[in-house]
Amino acid sequence: MSLTHIAQIFSTQFPLHDISRQLLPGSVVRLQQVIGSAASFALKDLAGKHLPLIVITPDTERAQFLKADLETLGIENSLYFPPSGMKPYDSGRVRDTAVTAQRSDVIDRIRDTDQFVVVTSAEALFEKMASPESFSEASLTLRTESEMDPDDLAGKLTDQHYQLVSFVNEPGEFARRGGIIDIFPFAGGYPVRIEFFGNEIDSIREFDPDSQRSVAFLDFIRLIPNLESFSQKGRQSLVSFFSEKAVIAAVDYPGILAGLNRHYEEAKDRYDALNGEKGRHQNGNGSPEERYLAPDEFAGQAQRHPRILFGPLPSDLEADHEFSLGTRPQPDFNSSVKLLRRNLSDLSGQGIDTWILCDNEGQRSRFDELLGESGPQMRYRLTVESLHRGFILQDAGIAVYTDHQIFNRYHRPKTRGAVRRGGISFKELKDLNVGDYVVHVDHGIGKFAGFRKITVRGAEQESVVLRYQNDSILYVNVSSLHKLQKYSGKDGTAPKITKLGSGEWARKKAKTRKRVKDIARDLITLYAKRKARQAWAFSPDTAMQTELEASFMYEETPDQEKAITDVKSDMMSETPMDRLVCGDVGFGKTEVAVRAAFKAVLDGKQVAVMVPTTILADQHWKTFRE
């Protein structure tokens with residue numbers, strides 16, 4: 001991994017040992033000339049020796065990019081503490097439960113161990129929450145084979161501000177069906193299903209809320225409260241959850257204080273406006289001092305911790321020790337390959353090796369085409385890695401450039417996609433109306449008739465009710481939702497309802513299997529004929545193609561990258577092309593088409609762009625012309 005090599009070189013210039021000796025409670029260490037993602041490398045080195053580490057930025061976007069950098073650099077124990085997204089005293093707005101869960105989860109994890117790097121922003125820090133003592137008292141641990149009255153557990157969940165629902169789908173919800181209680185905790189990725197045998201906890205297992213299938217069996221589960229559900233009295237800031245040995249790393253400390261001050265003044269103005277509107281003191285809302293963190297209060301809390309401040313200092317604060325890294329920012333090339341080549345040549349003359357970080361393999365290939373071979377006169381290396389901002393560290397003899405800065409492209413941190421499992425989703429289930437058609441994999445097409453609680457072997461269960469021919473009823477337990485699918489067929493055409501117990505559905509499935517095999521056989525024959533025919537094979541990408549693709553403003557999404565690669569592969573093959581590119585409005589289909597059209601034109605072919613409407617034709621004409 002190239003970033004590992006860069007990090008090793010960076011570490012030779014970073015005075016970690018000297019800085020560490022000065023990081024004592026109450027001390028202030030200033031680190032100057034730390035430009036771009038050089039701060040991420042510095043924090044990586046600090047995290048190797050000083051944990052817990054609280055990293056604070058002035059705004060949310062910088063915190064997100066910094067967190068993504070740390071993950072890219074291999075800091076697996078980094079956590080992001082987001083703002084709630086709520087404006088001060090905005091009680092009418094609905095909270096995002098995913099954000100609430102993430103905030104609560106971070107607090108729960110840092111209570112377990114201090115081996116974490118927590119990245120946050122002034123906006124997130126601004127909102128006070130339950131004190132560490134209150135949080136601990138309200139937390140509840142359940143273990144298998146332990147005693148717990150289900151009624152008591154339901155009461156405790158209600159006290160923790162969990163909401164009773166029919167099916168759990170979001171953090172902070174619980175559902176009860178006889179001796180089974182489903183809980184979607186405020187910490188963790190999956191809901192849990194707790195099965196009781198009398199008052200004894202028989203099993204605890206995580207499950208997928210969409211398919212209802214088990215994910216893992218657990219020996220215990222800790223249920224933590226909602227951070228936002230506590231009274232205003234006794235609230236404290238995030239910093240109060242850390243011991244005094246925790247190091248605070250502030251990126252642009254004056255900007256953090258200014259952000260806190262801006263938010264706090266907004267809170268005071270809103271509080272005064274509410275008091276004026278109702279003509280009385282808003283006891284229920286809590287004063288700004290109780291609910292929010294003022295700059296002076298934060299500065300007082302921070303004084304008890306070792307602090308390392310990146311960049312400028314406020315006028316009223318002096319550093320006990322100062323260090324300078326001497327980094328310079330990545331130059332602005334305005335998408336000019338000519339300027340980039342000249343800069344690489346200048347750096348090579350100074351004995352500096354340049355690493356160009358490419359967000360994907362396609363970008364790396366473009367640089368190969370545009371820059372040619374690396375040599376003594378122009379020393380550079382290409383690697384598929386991603387950081388937010390480039391920098392030059394002359395003393396170490398390295399420059400780290402990012403491709404999105406070179407081409408003025410918007411950059412977004414990498415995110416992990418969710419895994420979708422089979423079966424009807426909870427959202428689809430909630431959106432069903434009585435009378436909608438539903439398919440059961442074993443029993444066929446029926447009509448959705450709502451939900452009903454039924455008693456099976458002495459236990460009450462929540463079930464989906466399906467109605468079939470002759471008013472036959474099928475009850476489907478929630479643990480078998482993976483066997484249901486919402487019916488999809490021709491618009492306006494009602495399907496035939498299946499007759500239970502007739503064998504009709506089994507015969508229809510067997511007939512469909514045979515038909516699918518026939519279709520597959522026909523397709524194999526068709527594609528064999530196509531394979532035998534020879535089509536025009538377009539030439540590989542040229543420098544002109546590469547320059548066109550580098551000029552697009554936005555980074556390609558993973559789906560776009562795959563579509564572009566597949567289309568080009570088809571075009572360069574001697575097999576006749578047969579491909580459909582699908583995607584919602586605004587997801588970048590036209591960018592794929594422009595690349596394909598340009599590739600065809602470079603081989604002397606004409607391209608016709610056909611669209612349904614005149615307005616769309618005019619829009620595409622302007623896009624292609626630009």
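Q: How is the relative accessible area of Thr542 to be read?
A: A residue is called buried under 20% relative accessible area, exposed over 50%, and partly exposed in between, with a 1.4 Å probe and protein chains only. Thr542, at 34%, is therefore partly exposed. This is a predicted model, in which local features need pLDDT of at least 70 and side-chain atom pairs count only at pLDDT 80 or more, whereas totals for chains, interfaces and linings use all residues. Residues are numbered from 1 along each chain as its sequence is written, and side-chain values use heavy atoms, with hydrogens and water left out.

Q: Where does Thr542 sit, and which residues outside its sequence neighbourhood is it in contact with?
A: Helices (H or I, at least four residues) and strands (E, at least two) are DSSP runs, numbered from the N terminus, and contact means heavy atoms within 4.5 Å. Thr542 belongs to the loop between α16 (504–532) and α17 (543–550), and, leaving aside neighbours within four places in sequence, it is in contact with Glu369 and Leu602. Its C-alpha atom is separated by 8.7 Å from that of Lys599, which is 57 residues apart from it along the chain.

Q: What does the buried case look like, taking Thr120 as the example?
A: Thr120 has a relative accessible area of 0%, which means that it is buried, and it is found in strand β4. Not counting residues up to four places away in sequence, Thr120 touches Val55, Ile56, Thr57, Ala63, Phe81, Leu125 and Leu238. For its polar side, a polar contact is a pair of N or O atoms within 3.5 Å; within protein, one must be able to donate a hydrogen and the other to accept it, and residues adjacent in sequence count only if both atoms are side-chain atoms. A polar atom of the Thr120 side chain lies 2.9 Å from the backbone oxygen of Phe81.

Q: Is Gln330 buried or exposed, and what does its side chain reach?
A: With a relative accessible area of 8%, Gln330 is buried, although its place is in the loop between β16 (327–329) and α12 (337–349). The side chain of Gln330 reaches the backbone nitrogen of Thr402 at 2.9 Å. Beyond four places in sequence, Gln330 touches Thr402 and others, including Gly390, Phe391 and Tyr401.

Q: How many residues make up the largest nonpolar core, and which of them have the most contacts inside it?
A: In soluble globular proteins, nonpolar side chains tend to be buried together. A nonpolar core is taken here as a set of buried Ala, Val, Leu, Ile, Met, Phe, Trp, Tyr and Cys residues joined through side-chain atoms within 4.5 Å. The largest has 61 residues, and those with the most contacts inside it are Ile110, Leu142, Leu153, Ile183 and Phe298. Helix α9 (residues 253–278) gives the most to this core, namely eight residues. A second, separate core of 44 residues includes Ile6, Ala47, Ile308 and Ile398.

Q: How is helix α4 to be read, from its length to its N-terminal end?
A: The expected span of a helix is 1.5 Å times one less than its number of residues. Helix α4 (residues 60–72), with 13 residues, reaches 18 Å from its first C-alpha to its last, close to the 18 Å expected. Gly74, which follows α4, has a positive phi, near 95°. Among the buried residues of α4 are Ala63, Phe65 and Leu66, and the elements against which its buried residues pack include α3 (38–47), β2 (53–57) and β4 (117–121).

Q: What volume does the second largest pocket have, and which residues lie nearest its centre?
A: On a 1 Å grid over the protein atoms alone, a pocket is an open set of points with protein on both sides within 12 Å along at least five of seven lines, where a 1.4 Å probe fits, and lining residues have an atom within 4 Å of a point. Grid points are joined across faces, edges and corners, and a volume is the space filled by probe spheres set on the points. The second largest pocket has a volume of about 930 Å³. It is lined by 31 residues, of which Lys589, Thr590, Ala593, Val609 and His620 lie nearest its centre. Helix α19 gives the most to this lining, with eight residues.
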